[in-house]
Amino acid sequence: MNFELLVIGTGSATPVLEHNPSAYLLTYDNEQFLIDCGEGTQFRILEYKVRSSRIRHIFISHLHGDHYFGLVGLISSWNLNQRKEDLTIYAPKELAEILTIQFKHSHTFLHFKINFVATNPNEPLLVLDNQLLSVESIPLVHRIDCCGFLFRTKAAKRKLLAEKLPENFPIPYIKMLKDGLDVEDELTGKIYKSEDYTTIGTPSRSFAYCSDTAYNEQMVSQLQDVNTIFHEATFVESELKRAEYTNHSTAIQAATIAKKANAEQLIIGHYSSRYKTLETHLTEAKQVFENTHLALEGVTYKL
Ligand SMILES: [Zn+2]
Ligand SMILES: [Zn+2]
């Protein structure tokens, strides 16, 4: 099944024409998950022809405006368009109060339900677990409470090689084979080995979103062996002091986290407005972690 990330916005707080503020759309199967919702996200969603009704989960990392100022506009537009699907928002707990007050004073009465799930900035928390995937929040180090998110798809069960089995093979036994268990036919004593009658199902894939954050090795244990990491790289190495001072990261720091976590792939973004080109970000990151990609708006990345 497709597991991919569309970059909607990967700028930072100061507005520039080259970038939109943070927003990313994760797709798995038929579900879409919006991660951060900077100003203008609804226009980019229209531009990229995203079917909004499929977005039933929104993840907000923290309450700096470049990560959520687009949310009230997006929700208000969904309401104008008679959206009916429930929405769940995973975010710092104060966001519920902010949205409630905005809707109260604009006399906005929603036609759909919003559930809020509060993230915990101090320790990892399982915030979503369904048949398709699980999501944990990742404590990040930033100037205000901030969490990333770790998405893990569920591994599919083993696939049955039905043509190899005798006719009318009992269904409970089929379930056992798919669960990786061997089956013994009590009448004949024949052993049906799971590995002979099934093939491996689609393995789990994982994606970690880490923005905004200072360099923080503590997150490495939670990110161990994750397939793809998005890690902010607001600055290049010549701006290391500024990165430390503002609780952001450099491209080399992002790459170091990916290397220590033994990730397969790194995507960097959340670029400071001071950079007109991103070549230095990419060159520096690749020195530490070769399979690094620049996040670019409008591009979809396989995860
Ligand atoms: Zn930011
Ligand atoms: Zn921030």
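**A zinc site and a helix**

Author: With angles of 90 to 169° among its 4 donor atoms, the zinc ion (ligand 2) has an irregular site. This is a predicted model, in which local features need pLDDT of at least 70 and side-chain atom pairs count only at pLDDT 80 or more, while totals for chains, interfaces and linings use all residues. Residues are numbered from 1 along each chain as its sequence is written, chains are lettered from A and ligands numbered from 1 in the order in which they are written, and side-chain values use heavy atoms, with hydrogens and water left out.

Reader: Which protein donors does the zinc ion (ligand 2) have?

Author: Donors are N, O and S atoms within 2.8 Å of the metal (3.2 Å for Na, K and Ca), and sites may look incomplete because water is not among the atoms. Here they are His62 (NE2), His64 (ND1), His142 (NE2) and Asp212 (OD), at 2.1 to 2.4 Å.

Reader: What does aspartate 212 coordinate?

Author: Aspartate 212 coordinates both the zinc ion (ligand 2) and the zinc ion (ligand 1), which are 3.5 Å apart. Aspartate 212 is also buried (under 20% relative accessible area; exposed is over 50%, partly exposed in between; 1.4 Å probe, protein chains only), because its relative accessibility is 1%.

Reader: Which residues of α2 are buried?

Author: Helices (H or I, at least four residues) and strands (E, at least two) are DSSP runs, numbered from the N terminus. In α2 the buried residues are Leu71, Leu74, Ile75, Trp78 and Asn79. They lie on the same side of α2, because their arc around the axis (taken from the directions from the helix axis to the C-beta atoms) is only 135°.

Conventions. Tetrahedral: all angles 85-135°; square planar, octahedral: opposite > 155°, others 65-115°.
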